[in-house]
Amino acid sequence: MNIAQNIENIKAQLANTSAQLIAVTKTKPISDLEEAYQAGCKVFGENKVQEMVSKWEVLPKDISWHLIGHLQTNKVKYMASFVSLIHSVDSFKLLQEIDKQAQKHNRVIDCLLQIYIAQEDTKFGLSEEEAIAILTSSELAQLHNIRVVGLMGMASNTDNLEQIRLEFRGLKQLFNRFSQEYILPNTAWKEVSMGMSGDFQIAAEEGSTLVRVGSAIFGHR
Ligand SMILES: *Cc1c(COP(=O)(O)O)cnc(C)c1O
C-alpha cells in the first residue's frame, strides 16, 4: 500500500466535484496516519471515541478530527475539547449532551444528522420524520454550542450500483428539501456526508461534500 499515492489518486478523482476527502483511519497505526499527514491529508475520521482521543494526543494539532461512528452520550465528554465534526448524531438527547460538553470548552461543535437510507436494518440513523422533528424542535434553538450543518448517510452494502446511486440521490434531495423548508436563512447548512471506498465516486457525482474513505487509502482492515 502506498498511502500517499492512494490519496493522490482519490483526490484526482474528486477534483471536479464538491467532495472533500476524509481519511478514515480507524484501526490503523499512528505510522499510517503520519504518512497520510505527510501526503497532505489533514482531516481524519474515526469511529470510536477512545481510539480517536489516543491518536489526537500524539499527532500534530492542525489535524481535524471527525467522529463518524455510532456515538454513546457518555463518550462525548472525552472528545468535546477538539472534535471538529460529528457525523453520526441520531437522537436529540445526543445533541443535548454534545451541546452541554461543548459549552464546558467554550466551543461550538458542528454536527450532522445521520439518516437511515439503506435497505437493511443493521445501520443506525434517523428516519426523515425523526430528522424533521429534531430540526423543527423549539428546544434545538436553545442549544447554542452546537450547529447542525447537514446530513450523513450510508448506502446499502450491495453490488447494485444503481441502488446505491438512488440512495445517495435521495439523501441529497432530502438535504435540499430541508434547506428550503426547515433551515433558517444564514444557518450553516452545507454538508452531505456520503460515500466510502466502494462508492465515493458515485457519491461525489450525486453531490456529496464529504467522502469518508478508509480501505482505498490504507488497505483492508
Ligand atoms: C469504516 C467507515 C468508513 C470507511 O469505510 P471504507 O470502506 O474502508 O472506506 C466510512 N464511514 C463509516 C461510518 C465507517 O465506519
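**Salt bridge, K100 and E97.** I started with this pair in the predicted model. The side chains of K100 and E97 form a salt bridge, with N and O 4.0 Å apart. I noted that a salt bridge needs the nitrogen within 4 Å of the carboxyl oxygen. Where do K100 and E97 lie? I found both in helix α5, which covers residues 92–104. They are 3 residues apart, about one turn of that helix. Side chains of opposite charge can pair when their charged atoms come close. I then looked up the total by this rule and got 10 salt bridges.

Next I went to the ligand and found it in the largest pocket. I listed what surrounds the ligand: V24, K26, I68, M154, M196, S197, R212, V213, G214, S215 and R221. Sorted by class, that shell has 5 nonpolar, 3 polar and 3 charged residues.

Which side chain has an N or O atom 2.5 Å from an oxygen atom of the ligand? I found that it belongs to S197. I checked the backbone too. A polar backbone atom of G214 is 2.8 Å from a ligand oxygen. For S215, a backbone N or O atom also comes up at 2.8 Å from an oxygen atom of the ligand.

**Ligand, burial.** How much of the ligand does the protein bury? On its own the ligand exposes 400 Å², and I have 90% of that down as buried by the protein.

How values were computed
Residues numbered from 1 in each chain as written. Predicted model: local features only at pLDDT ≥ 70, side-chain atom pairs only at ≥ 80, totals over all residues. Heavy atoms only, no water. Near = heavy atom within 4 Å. Polar contact = N/O pair within 3.5 Å; in protein donor to acceptor, adjacent residues only side chain to side chain. Areas by Shrake-Rupley, 256 points an atom, 1.4 Å probe, with all protein chains shown as cover. 1 Å grid on protein atoms, 1.4 Å probe; cavity = no way out; pocket = protein on both sides within 12 Å on 5 of 7 lines; lining within 4 Å. Sits in = over half its atoms within 2 Å of the grid points. Nonpolar A, V, L, I, M, F, W, Y, C, P; charged D, E, K, R; others polar. Helix = DSSP H or I, 4+ residues; strand = E, 2+ residues; numbered from the N terminus.
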